[in-house]
Amino acid sequence: MPALLNADDYRLRARRILPRGLFEYIDRGTEDEKALLRQRASLDAITLTPSVLTGHRERSLATRILDQHQAAPLVVAPTALAGIVSHDGETKLARAASRVGIPFCVSTQSVTTIETIRKGAPDARLWFQLYVWHDRTLTDALLDRVAAAGCDCLVLTADTAVAPNREYNRRNGFSVPYQPSLRSAVDGILHPRWLLGVLARTWMRDGVPTYGHYPDAYRSSVTRLAMADAVRLDGSIDWNDVARLRERWTGRLLVKGILSVEDARKAAAIGADGIVVSSHGGRNLDCLPSPADCLPAIAKACAGQIAVLADSGVRRGTDVLKYLALGAGAVQVGRLPLWGLATGGEAGAEAILRLLLQEMDTAMGLLGVREPRELEGRAAPPAASHR
Ligand SMILES: Cc1cc2nc3c(=O)[nH]c(=O)nc-3n(C[C@H](O)[C@H](O)[C@H](O)COP(=O)(O)O)c2cc1C
């Protein structure tokens, strides 16, 4: 087996292991995938200016986010259905993140519940990503469970008012709830490692994989066609709902999916502790600007008031450093840990995170930077870098 030396190696290995429907669900964007290309192109165009002959020997990635110490300015982003990428995938991600000293954000749409993840990863720093359900009393009950499980940060996803248009999922017969088709059955059979190691194992223990947090009465097992109205994502939430959430949730609150200064200011005014500048990994709206292009103005407007995190498109340690240099205090990674999980389970997820940290450390050494804070002001915009 060739060694896995970078994120793309992991991605290619994951492509062989996972059924095509699941691989593309993770890998691809939306519609014509322009947002996906744009977020990469703008990261690629940024350069970082080094300081040479600094004489620094020591470097540290350690940082503080939301008044907490972290080993590095990274967060494992919330990703739905990580539990069908590997058996008990979410618990494995939590443990892997914990071992490298960073938080793991559990998705509302995880396969494993927050309580089970907590049991399997007692020391992990868990955040929770919230999709607000139509029935707010059910959402409130979920929040109580999240608080009881010791999650100190709630991440409200604000950029998914309606289901995005992902044609490849329909072509591949990949949908939640799952609609059985010849194509998806053949896809599974052609990937026996996944079929036996993930699907069959999960099925034998828990039945058909489901969205674990959905209340028992509404749990849409992947073979049930109709998802109850009560647990449909509520596309009508507005800033008043965020204000109510702020009153109800006593822990840290981040709003994810911000791409304008105006919305960042609204989040700060409502009392959010921070925002995530994100295009949802290029998966939702295809005409969105790239987060790297929006970040500098947003970070400037929020400086000293709220935490600014960023995500979308990270494939190398230098991508993380670019987001930090543009003003982010920390960076989320979504697909990378999933590639690690697919290729090597918990150890694979940890290995790809460590690879990213190693790349960050090497780049910091070459930039003459001792700590993430010193990256500020080193990003040159595309125009300058082409001169
Ligand atoms: C398979 C997959 C599932 C995702 N599910 C969610 C989710 O449930 N909630 C959410 O807020 N974001 C979700 N995201 C978006 C991520 O949180 C994050 O914004 C994005 O993956 C960052 O881009 P990257 O994958 O290029 O790092 C998902 C992303 C992927 C790849």
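## The largest pocket

The largest pocket holds about 1200 Å³ of space. A pocket here is an open set of points on a 1 Å grid over the protein atoms alone, where a 1.4 Å probe fits, with protein on both sides within 12 Å along at least five of seven lines. The volume is the space filled by probe spheres set on the points, which are joined across faces, edges and corners. The lining has 48 residues, and Y25, Q109, P164, R166 and Y211 are the closest to the centre. Lining residues have an atom within 4 Å of a point.

Elements that give two or more residues to this lining are α2 (20-27), α7 (167-172), β11 (330-333) and α14 (335-367). The largest share, three residues, comes from α14. Helices (H or I, at least four residues) and strands (E, at least two) are DSSP runs, numbered from the N terminus. By class, the lining has 23 nonpolar, 17 polar and eight charged residues. Nonpolar covers Ala, Val, Leu, Ile, Met, Phe, Trp, Tyr, Cys and Pro; charged covers Asp, Glu, Lys and Arg; the others, Gly among them, are polar.

## About the model

This is a predicted model, in which local features need pLDDT of at least 70 and side-chain atom pairs pLDDT 80 or more, while totals for chains, interfaces and linings use all residues. Residues are numbered from 1 along each chain as its sequence is written, and side-chain values use heavy atoms, leaving out hydrogens and water.

## The second largest pocket

About 730 Å³ of space lies in the second largest pocket. Its lining has 28 residues, with A307, V308, G327, A328 and G329 nearest the centre. Here β2 (63-65), α12 (291-302), β10 (307-311) and α13 (317-325) each give two or more residues. α12 gives the most, with four. The lining divides into 16 nonpolar, six polar and six charged residues.

## Helix α13

α13 is largely enclosed by the rest of the structure, because eight of its nine residues are buried. Buried means under 20% relative accessible area (1.4 Å probe, protein chains only). Among the buried residues are D319, K322 and Y323. G327 follows α13 and has a positive phi, near 125°.

## Around the ligand

For T157, the distance to a ligand oxygen atom is 2.6 Å. For D311, a ligand oxygen atom is 2.8 Å away. A polar side-chain atom of Y131 lies 3.1 Å from a ligand nitrogen atom. Alone, the ligand exposes 600 Å², and the protein buries 99% of that. These areas come from the Shrake-Rupley method with a 1.4 Å probe.

Methods. Buried < 20%, exposed > 50% of the residue type's maximum accessible area, 1.4 Å probe, protein only. Polar contact = N/O pair within 3.5 Å; in protein donor to acceptor, adjacent residues only side chain to side chain.
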